[in-house]
Amino acid sequence: MTVAIRVKHLSKRFGAQEAVCDISFEVRQGEIVGLLGPNGAGKTTTIQMLLGLIEPTAGDIEILGWDLVRHRTTVLQQVNFSSAYVSLPPRLTVWENLDVFARLYEVPDHQARIRELLEYFEITQLRDRQVGTLSSGQVARVNLCKAMLNRPRVLFLDEPTASLDPDAALRARERFKEIRAREGLAILYTSHNMAEIEEVCDRVIFIHRGRILAEGSPLDVTRQILGAAVEEPDLEEVFIHVARASESPATAAGPRPIQPPRAVP
Ligand SMILES: Nc1ncnc2c1ncn2[C@@H]1O[C@H](COP(=O)(O)OP(=O)(O)OP(=O)(O)O)[C@@H](O)[C@H]1O
Ligand SMILES: [Mg+2]
């Protein structure tokens, strides 16, 4: 399968703060990969570097075979993102917002595309509302429409369901899986909802303090952190174990120690 995202030895330092520290990984076309980790682990910083929004301190990023620095425009036309924490211009209506982004991405027949996406994410009735007047869950759906406008081949979803109610989140997940199956795109996904990650992601990369702690299927990662005898994926337990172990060195030295970052080829 073609590699959609290839990250090699990527690091980002903010002053003395090492937000991301020498991480390497790949996401293949058609895969949904979860980027997991406690608050401040470096997930959003990683995604921002992959989107070219912030410059890495070190390392290389290749997307769809293109080096992000040398082929920035080509790459950015083929990617998109949705984030719970990036705001859209609040005075513009939903339609105006999507219209601006569609023009930026030079989406062919963009009005039809916007109508199709509003329907797909079930917000056609909001098209003439100013974005600043919407509830956070409604804004999240506008963000998802925005993210799909240019039919991206690589999609970054940073907590895309954070403000959705359980039913809307369920439907959004169905949509992501549907889009992946139909368009074969690669998705890098963050969420603090571990059940959601287990449901949606083929593979997960667990990061902690900017470093990769474990990588593989949800079951692989559970075994890497909690022990080989575990029979079911339990990322919730993995998460709690990592967070508590890092608070208390005594726990980390207990029966289920955190493994050191794996060497990356
Ligand atoms: N612009 C910045 N300047 C200084 N420090 C930053 C900046 N952006 C991020 N950081 C720091 O880098 C670290 C990683 O932050 P990041 O936002 O990537 O975490 P995250 O894994 O997305 O966490 P969360 O789950 O809370 O969203 C944090 O310690 C954060 O305070
Ligand atoms: Mg974040």
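For sorting residues, I count Ala, Val, Leu, Ile, Met, Phe, Trp, Tyr, Cys and Pro as nonpolar, Asp, Glu, Lys and Arg as charged, and the others, Gly among them, as polar. By that scheme the shell around ligand 1 holds four nonpolar, seven polar and two charged residues.

A note on the source: this is a predicted model, in which local features need pLDDT of at least 70, side-chain atom pairs count only at pLDDT 80 or more, and totals for chains, interfaces and linings use all residues. Residues are numbered from 1 along each chain as its sequence is written, chains are lettered from A and ligands numbered from 1 in the order in which they are written, and side-chain values use heavy atoms, with hydrogens and water left out.

Entry one, the ligand. Which residues come nearest to ligand 1? Of the 13 around it (a heavy atom within 4 Å), I found G40, K43, T44, T45 and H192 to be the nearest.

Next I checked polar contacts, meaning pairs of N or O atoms within 3.5 Å. The side chain of H192 places an N or O atom 2.8 Å from an oxygen atom of ligand 1. N39 has a polar side-chain atom 2.9 Å from a ligand 1 oxygen, and for Q17 the distance is 3.2 Å. Alone, ligand 1 would expose 640 Å², of which the protein buries 61% (Shrake-Rupley method, 1.4 Å probe).

Entry two, the elements, taken as DSSP runs numbered from the N terminus (helices H or I, at least four residues; strands E, at least two). Both β2 (17-28) and α1 (43-50) give at least two residues to the shell of ligand 1. The largest share, three residues, is from α1.

I fitted axes to C-alpha atoms over the stretch in contact, with angles from 0 to 180 degrees between N-to-C directions. Helix α3 (residues 94-104) packs on helix α4 (residues 110-120) at about 130°, the axes 10 Å apart. The axes of α3 and helix α5 (residues 136-148) come within 10 Å and cross at roughly 25°, so α3 and α5 are roughly parallel.

Definitions and conventions: Polar contact = N/O pair within 3.5 Å; in protein donor to acceptor, adjacent residues only side chain to side chain. Parallel < 35°, antiparallel > 145°, perpendicular 65-115°, else oblique.
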